[in-house]
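Let us walk through this structure step by step. Keep the sequence and the 3D view at hand.

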Amino acid sequence: MKLNLRIWRQKSKDSEGQFETYEADGLTPDMSFLEMLDVVNDRLTKEGKEPVAFEHDCREGICGSCAMAINGEPHGPNQGATTCQVYLRSFQDGETLTVEPWRARAFPVIKDLVADRSGFDSIIQAGGFVSVNTGQAPDANAIPIGKEVAEQAFDAAHCIGCGACVAACRNGSAMLFVAAKVSHLGLLPQGQPERAERVRKMVAAMDAAGFGNCSNQYACEAVCPKEISADWIGRMNRDYAVSAAKKV
Amino acid sequence: MKLDPRIPGGPLADKWTRFKANARLVNPSNKRKYEVIVVGTGLAGASAAASLAELGYRVKSFCFQDSPRRAHSIAAQGGINAAKNYQNDGDSVHRLFHDTIKGGDFRSREANVHRLAEVSVNIIDQCVAQGVPFAREYGGMLANRSFGGAQVSRTFYARGATGQQLLLGAYSALSRQIGLGRVRMFPRHEMLDLVVDEGRAQGIITRNLVTGELKAHEADAVLLCTGGYGNAYYLSTYARGSNVTATWRAHRRGALFSNPCFTQIHPTCIPVSGDYQSKLTLMSESLRNDGRCWVPKVSGDKRSASQIPEGERDYFLERLYPSYGNLAPRDIASRAAKRVCDEGRGVGPSGLGVYLDFAEAIERLGESTVRERYANLFSMYHEITGESAYESPMRIFPAVHYTMGGLWVDYHLMSNIPGLFVLGEANFSDHGANRLGASALMQGLADGYFVLPYTIGDYLSQKKPGGAKSGRQAEAFWEATESVQARTKKLLSVKGSRPVSDFHRRLGKILWDQCGMSRTKQGLQKGIDAVRELRKEFWENVNVPGSGEDLNQSLEKAGRVSDFLELGELMCRDALERDESCGCHFREEHQTSDGECERKDKEFSHVSAWEYQGEGKAEVRHAEPLSFEEVQLATRSYK
Amino acid sequence: MSTQITSMIQSSIGRKWIVAITGILMIGFIFVHMTGNLQMFAGTPDKINLYAHLLHSYPLVLWGFRLGLIAVTGLHIWGTLSLARENRRAKPVDYAVAGRKSRLKVTWTSVTMVISGTVILGFVVFHLLHFTAQVVDKSYASMETAVGGVAMHDVYRMVIKGFSNPWISGFYLIAMALLFSHLKHGAASVFQTFGLRDRQLVQVIQAGAWILALALFVGFSSIPVGVMLGWIRP
C-alpha cells in the first residue's frame, strides 16, 4: 500500500510553516496511522533530514496526546477514534493525505504538528475540581449516587482533553471541553457546593485563554473521540445563567 | 553496604499507626519554607504534589508531556483494589495484604504491603470525594468486580477507564494547587540528572523540551514518581514516552536499583501483527471475569474458532487452575499461554495467541450486559484488529505491562540517598515478583496521598530549609549540568547511519527473548553480551538529527534509549544472579514437575539492590533480606 | 458584586443568552407582524386598514414599542457581531483541505448566520423606509381611505402598489428566504443556549425550528406573491 503525504512543517512557534510532500510506500492496511509516520520519520532520519515532530504517547486512545487533522478532519476519518486509533485500512491505496496541526489561536503551533494546548490546563486550574484536601473525605458509600447519574457523570468525565473539539470548531471554541468538566462535577453531589462558582470561573478562564464561542454547529461532538455529547454545552449554558442569577 | 529498611517495631498490623504516632513533624508555618520537587504527574506524582501543597509545602512539579493529565496512569483500564468489604464476601485488610504478598510470590516487604492494604480504603473515599465516577449499583452504592489472584470482589472501577478517572481526580487536585499558586508546574520538562551533594539529594537538572534550555532546580527533597521501565522491551503496553531516565540517572548518582528483572508480562494483550508495530494494546484483566481462555486440543489445528467443536477445545486455565480458573494471576496465566503456544497450539496467523471467548458469557448474560461491561474494550479490539469479539473470540497474547523492580526505598519511601524519595511504579516496594491486577493504581495513590505526606515530614523536620548555598553545592549543580550537556552533545555528534528506533527495537528483542517470560542461564549470559554489543554500536552508529536547542523528539528518544541500553544489561544480570524461579521470574532450571515456579527461599528470600560503579563497570549487588512474621512462606498455588 | 454580574453578562455565554433572548423577542414580533399582514387576504381592504389605524392611534405605545424593538435588535446585533468577531480571531488559520461536511456535521444555514442576518438587517432598513417612513415612493403618504366614515391611511393600496414592483417583491422574497435560513438555525440554537437541548429531543427541536421558519417564510411571502399573481386585488 502507498500513500502520498502532505505534511505541515514549521520550525518553531514564530517561523512560517509550509507543506512538504512525502511518499510512504510499503505500507500495510494493519498499520496504524502513527506507525506510518514512524516509518516516514525513520526514513527521513536515514536521509539526514529532520523527522516530523508530532505528539503521541499511549497510542491506545486515552492519553489525548495525539492531535492532528487528516484532510481537514481532526483525528481523521473515523468516528469515535483518536489519531492513534486510525489504521491505514481507512484509506485508499495511493490516496493523498494532508496532515496539519490543530488550528486555533488558543493552540499555537510549536513545531510541525505539535500545538500548545496549555489553555486547557488553565481552565481546569480555574475551577475544574472539587475542593477537598487529602484526608478530608467521608466514607465512600456515605453518599449514594444513582447508577444513572454515575453513568452520566462518567460519560462527561471521559473527555481526554485532546482538543479535537477546538480544532474542529469553526470558532476555535472550547465549549465542549469546558462543558464536559462542568457537567461531570455538576451532576454529582460532591460537586454541588462549588457548582455556581465553578462554571463562572471556568468560563472566565476559557474566554481569557482566547478560545472562540459556540455557534451551535456541533462539529465538536462529531469529531470527539469519546463521543461526548454537545448537550453538555446546553447544560453549562443553563448552569451559567443560574450562577449569574444567584449573584443578582 | 547495609540496607536499613527502617521498619517500625511492633506487631505488623500496628506498625503504620505507630509510625504515624511517632513521626517527627514540621510546624505548619515552617512548611512553606521547604521546597519539594516532584518528578512525574501520574497517580503517584500528581497525588503527592497536590497533597504536599495542601499541607503547605512549596512544590515544583515536572512532567515531560504537554500536560500533567497525560501521564500513563491514564491508560489503566480495569480497576483499583481496596479492602472495603462492601460486598460482604469476607474481605479485610489482612486478606488484601495476604493476597498481595502471595501474589508477589513472597518477594515483597511485609510491612509495606500491610500499610498499602490499610490505606487502600482511604483511597476510595478520597477519590469519591473528588468526584471520580466509579461504577454504582442501582441502589447508589459502589459496585465491585473480581480481579486475578483474589477470591473476593474488591476491585472498584469506572467502566474500562478507571486509571483515567483516578488520574483526572489527582490531576484536578493538582490543578487546584497550581491555580492557588502553591504548585509551580513545569510541563514539557524532562529530568536529566539528580544533584547529590553532602550525601543528600539537593535538586535536579531539567531540559525544557521546547527550547532545549537546561536548568538546575534546587529543593529540600526530590520525589521521583516516574513510573516503570517496561519500554526497555520496546514492545509493551506502556506509553511510547514512558522511560527509565529519571530513575536511571538517579541510579547513576548512587541510588540503588532493586529487582530490575521483575517485569510483569500481562496475559491479555492484542497479539503482534507486524514488525512496524510500535505498541501493544492491553485488553483489561477484567475481561477474564467473563471470558474463557482456550486453544485447540491438538497442535497444528488451523480451523477457525467456530469450526472447532467444544470437545476439541482446551480451556487450559480452567483445567490447570480449577479454583481460580480464568482468574489465575498474571504471571501464571501468561506462562500457561506461552506453554500452549510453545506446544504448537497457538492460534492466529503467527501462532502466538490464544482465544479469549465470550460466547458463554453472552449466552448467560445476554449481549447487552456484556456490552455494558466491556463495550469500550470490545470496540478498541475491533478498531485494532478489524474483528468483532461479539461474534468470534478475541485473540490475545502476553505482553510486557508493568515493572515490579525499581529504585530501592525504605519504609519511608526514601532511597538510600537521603532526600530522594521514590513513589509508585518507580520504586520496587510492594509487589514482589508479581503484581496483582488493580494493585498498581492502589499503590500509586497510596504512596502519593497517604504515605509520603507523613514520611516526608519526618525527613524534613531534621533538615534546615533551603540549600547550604555553599560554593561546593553550586559546584555540584554545575557539574551535573555540564554532564547533561556533554551527553546531549555526544548523542548529537555521533551522526551514524541508524535511527534510534532501530536500536530500541533490537534491544527489545534481546530482552524479550532472553529476559522475558522464561529465562535460562545461557540465555541471560547471551543477553548480557548482546546488550553490551548493541550499546557499543549505539554510541558509534546512532543518528540523532537536529539540534539540542529546540523541540527534538529524536534527541529525547535517544537519551531514553541510551538509558535502556544500560538498564537492559542490569536486568539480565539481576535475572542471572537470581538463581531461582519466583513470580514473573521463571528460570527454566528451577521448575516443578508440572512446570511451576520453584523458589529457593534460603538463598533468595531477599531484595536485590544494585549499586552503580561507573561507566562500563560491573554493578555491585547488595541484598536486603526479607523476613516474614505474619505469612507463612508456602508454595504459591492457585490450583 | 455588580462588576461580576456585568462581566458575566459580557462573557461569551452571557452574550449567547442575550442573543437568544433577543432572538426570541424578535421571533415573537415578526410572528405577530405576519399575522397582522395576513389580513391582506381578508377579502376587503378595510380589515388591514382598520388594524393599521388602530396601531397608530396610540403613538406613545407605538413609539415605546418601536424603541424597545430597536433596542432588542441592537442588542442582538451587538451580541452576534462581537461574538463573530471573536470567533474569527480565535480561528486565524483554516485547514488547507476542508473536512467532509458529513464528518464535521456542517450545515449551510449555520455557517451563514452573519450573512443572512446582515441581509435581513438591510432588508429591514429598506422595509422601514418603504412602508413605514414611506420615502421610497412619495405617493404612499397621500393614499387615504375612509372606513365607517373615519379617514385613515390606505395601507392595503400601498402594499399592493409596493409589491407590484417585481424588484421590490424579489428582494422581499430573497430576504424572507434568508430569514427562513436564519431562523432554522437560530430557533433551534435557542434551545441549546437555554440548556433545553437533549440528544433524544434533537430531531424534535430541529423539526420545530424548521416548521416555524417555514411558516414565517410562507406567511410573509404569500403577500408579494399574492399581489404578483393577482390573488390580492386593488
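Helices and strands here are DSSP runs, numbered from the N terminus; a helix has at least four residues and a strand at least two. The model is predicted.

Start in chain A, with helix H1 (residues 33–46). Its 14 residues should span 20 Å at 1.5 Å a residue, and the end C-alpha atoms are 20 Å apart, so expectation and model agree. Just after H1(A) comes A:Gly48, with a positive phi of about 80°.

Which residues of H1(A) are buried? They are A:Phe33, A:Leu34, A:Glu35, A:Met36, A:Leu37, A:Asp38, A:Asn41 and A:Thr45. These buried residues pack against strand E2 (17–24) of chain A. They also pack against parts of chain B: strand E18 (498–499), helix H14 (500–514), strand E19 (542–543) and helix H16 (553–577).

Stay with chain B. Helix H4 (residues 93–103) packs on helix H5 (residues 110–130) at an angle of about 135°, with the axes 8 Å apart. The two helices are therefore oblique to each other. H4(B) passes H5(B) in a right-handed crossing. From H4(B), the contact includes B:Val93, B:Leu96 and B:Phe97; among their partners in H5(B) are B:Val113, B:His114 and B:Leu116. By class, the residues of this contact are seven nonpolar, three polar and two charged.

Now turn to chains A and C. Their contact takes 45 residues from chain A and 40 residues from chain C. On the side of chain A, strand E5 (96–100) and helices H6 (195–208), H7 (219–223) and H8 (231–247) each give two or more residues. H8(A) gives the largest share, 10 residues. That side has 19 nonpolar, 15 polar and 11 charged residues.

Note on methods
Residues are numbered from 1 along each chain as its sequence is written. Chains are lettered from A and ligands numbered from 1 in the order in which they are written. This is a predicted model: local features need pLDDT of at least 70, side-chain atom pairs count only at pLDDT 80 or more; totals for chains, interfaces and linings use all residues. Axes are lines fitted to C-alpha atoms, for helices over the stretch in contact, and angles run from 0 to 180 degrees between N-to-C directions. Angles under 35 degrees count as roughly parallel, over 145 as roughly antiparallel, 65 to 115 as roughly perpendicular and the rest as oblique. A crossing is left-handed if the near helix is turned anticlockwise from the far one by less than a right angle, and right-handed if clockwise. Two residues are in contact if their C-beta atoms, placed from the backbone, lie within 7 Å. Ala, Val, Leu, Ile, Met, Phe, Trp, Tyr, Cys and Pro count as nonpolar, Asp, Glu, Lys and Arg as charged, and the others, Gly among them, as polar. The expected span of a helix is 1.5 Å times one less than its number of residues. A residue is buried if 20 or more other C-beta atoms lie within 10 Å of its own, exposed if 12 or fewer, and partly exposed in between; C-beta atoms are placed from the backbone.
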